[in-house]
Amino acid sequence: MTPEVLEPTSIERAPIRIGSVEIRNRVLAAPICGASKVPYRTLARRFGADLVYTEMVKAYPLVRGNDRRTLELLRTDPAEFPCVPQICGADEDVMADAARRLEQLGAPLIDINMGCPVPKVVKEGAGAALLREPARVERVVRACASAVGIPVTVKTRSGWDGREFTGIDAARAAEQGGARLITIHARTREQRHGGAPDLASIAAVRAAVGIPVVGNGGVVSAESALAMLRQTGCDAVMVGRGAFGRPWVFREIARAIRGEPPPERPSIDEVAEIVRWHLARTHETEPFRGHGLSRRYVAWYFREAPYGTFFRDRAFRTKDRGEMEALVDEFFAHLRLAALVPRGEAPPVPAFVAERLARGDVPREVPDEE
Ligand SMILES: Cc1cc2nc3c(=O)[nH]c(=O)nc-3n(C[C@H](O)[C@H](O)[C@H](O)COP(=O)(O)O)c2cc1C
């Protein structure tokens, strides 16, 4: 069957150039604490994400000097260039110093986090708290933009609680301060990471500012990316959790935006290769936490398979890398067998699943971000 070509977006756009960076595919990979690390970002770039971001780092420890953990979070690999560091803080002098430090470390751009909903961050007046202080937004952005020669961008939300404050004020203030691009996560601080994204909030920001606007929230496929582009007029989309265990979603979105037919889904062997690479690279880049992190990452890839919940549960219980590698091999052997079953017939039941089912022991589905 020939795959259906989705209607291209009605709005043709030239590539967006921000400093040394070009946004051509119009799809970006979101910063996600605990997830958007070197291996994840490298895969996102390999599959066509124009830009990837580090996890958020706090400005104070960065400015203080050699905070090992902060510097680790900022470590990047040439294979993922351009990777944008993201900083968080509310004091304009500290933020400007942090921006200088990031420029010295070779950042192509600097992104300021104005959307983090975590109480500890908000209490310090940073992250999403800035949605309630447009004047401070402008000061912080201006201080950073004047401190460095590279562009400064902002990532924020549609609003604080959907009633009192809107992201439009923050976006306008960011533009006034000199931001060169703004990303809007179409959920309020009150919504955190759940609930339906409000696409109208992205359209409103798009209408209110002259700088490029990136839409974010709930993009999980070519269809949802095109819907966001069409309904909001935004210049590019950013994918967060929709790329967990599906890094090829960036390629699907990039092709749909260009009006090209969907790419072939990666074969079982290709996916197996990606998972093994993600696992190995996680151990290489995180020598002390490699296994803890890869338990989560590997589990992402098991999500949609028959009896995937059982494999995910086992992934979370593995004790070391060897056990995880064996489980990955077992999982892909199961998938190859399942692929041989004629459409409409039940997939094979792995022996360990049959045993657990006989005991009535069905694992709980764990959300990807836990
Ligand atoms: C566990 C988790 C950690 C996150 N960490 C960050 C972060 O460090 N910086 C940031 O700007 N956004 C962060 N976000 C927000 C995401 O970048 C994104 O805006 C959000 O997940 C909505 O996009 P999605 O619906 O495509 O996942 C985080 C989200 C989650 C779920």
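Tutor: The model is predicted, with pLDDT of at least 70 required for local features and 80 or more for side-chain atom pairs, while totals for chains, interfaces and linings use all residues. Numbering runs from 1 along each chain as its sequence is written, and side-chain values rest on heavy atoms, without hydrogens and water.

Student: How many residues does each side bring to the contact?

Tutor: Domain 1 brings 18 residues and domain 2 brings 16, where contact means heavy atoms within 4.5 Å.

Student: What is the area buried between domain 1 and domain 2?

Tutor: About 1500 Å², with 60% of it from carbon and sulfur atoms. Buried area is the accessible area (1.4 Å probe) lost when two parts are put together, summed over both. On the domain 1 side, K37, P39 and F244 lose the most area to domain 2, together 29% of what that side buries.

Student: Why do E304 and R246 count as a salt bridge?

Tutor: The rule asks for a side-chain nitrogen of Lys or Arg within 4 Å of a carboxyl oxygen of Asp or Glu. The N to O distance for E304 and R246 is 4.0 Å, and the pair is listed as a salt bridge. Across the interface of domain 1 and domain 2, three salt bridges are found.

Student: What makes strand 9 a strand, and how do you know that both of its faces are covered?

Tutor: Strands are DSSP runs of E with at least two residues, and helices are runs of H or I with at least four, numbered from the N terminus. Strand 9 spans residues 213-216; V213 and G215 on one side are buried, as are V214 and N216 on the other. Buried means under 20% relative accessible area, exposed over 50%, and partly exposed in between (1.4 Å probe, protein chains only). Strand 10 (residues 236-239) is covered likewise, with A236 and M238 buried on one side and V237 and V239 on the other.

Student: Why are strand 9 and strand 10 said to pair?

Tutor: Pairing needs at least two DSSP bridges between two strands, and strand 9 and strand 10 have three, in the parallel sense. V214 is bridged to A236, and N216 to M238. Strand 8 (residues 182-188) also pairs with strand 9, parallel and over four bridges; there H185 is the partner of N216. Strand 3 (residues 27-29) and strand 10 share three bridges, again parallel.

Student: What handedness does the crossover from strand 9 to strand 10 have?

Tutor: The path goes through helix 9 (residues 222-232) and is right-handed.

Student: Why is R314 called neither buried nor exposed?

Tutor: The relative accessible area of R314 is 24%, so this residue is partly exposed. R314 sits in helix 13 (residues 308-317) and touches L327, E330 and F352, leaving aside residues up to four places away in sequence.

Notes
A crossover is right-handed if, with the strands pointing away from the viewer, the path from the first strand over the helix to the second runs clockwise.
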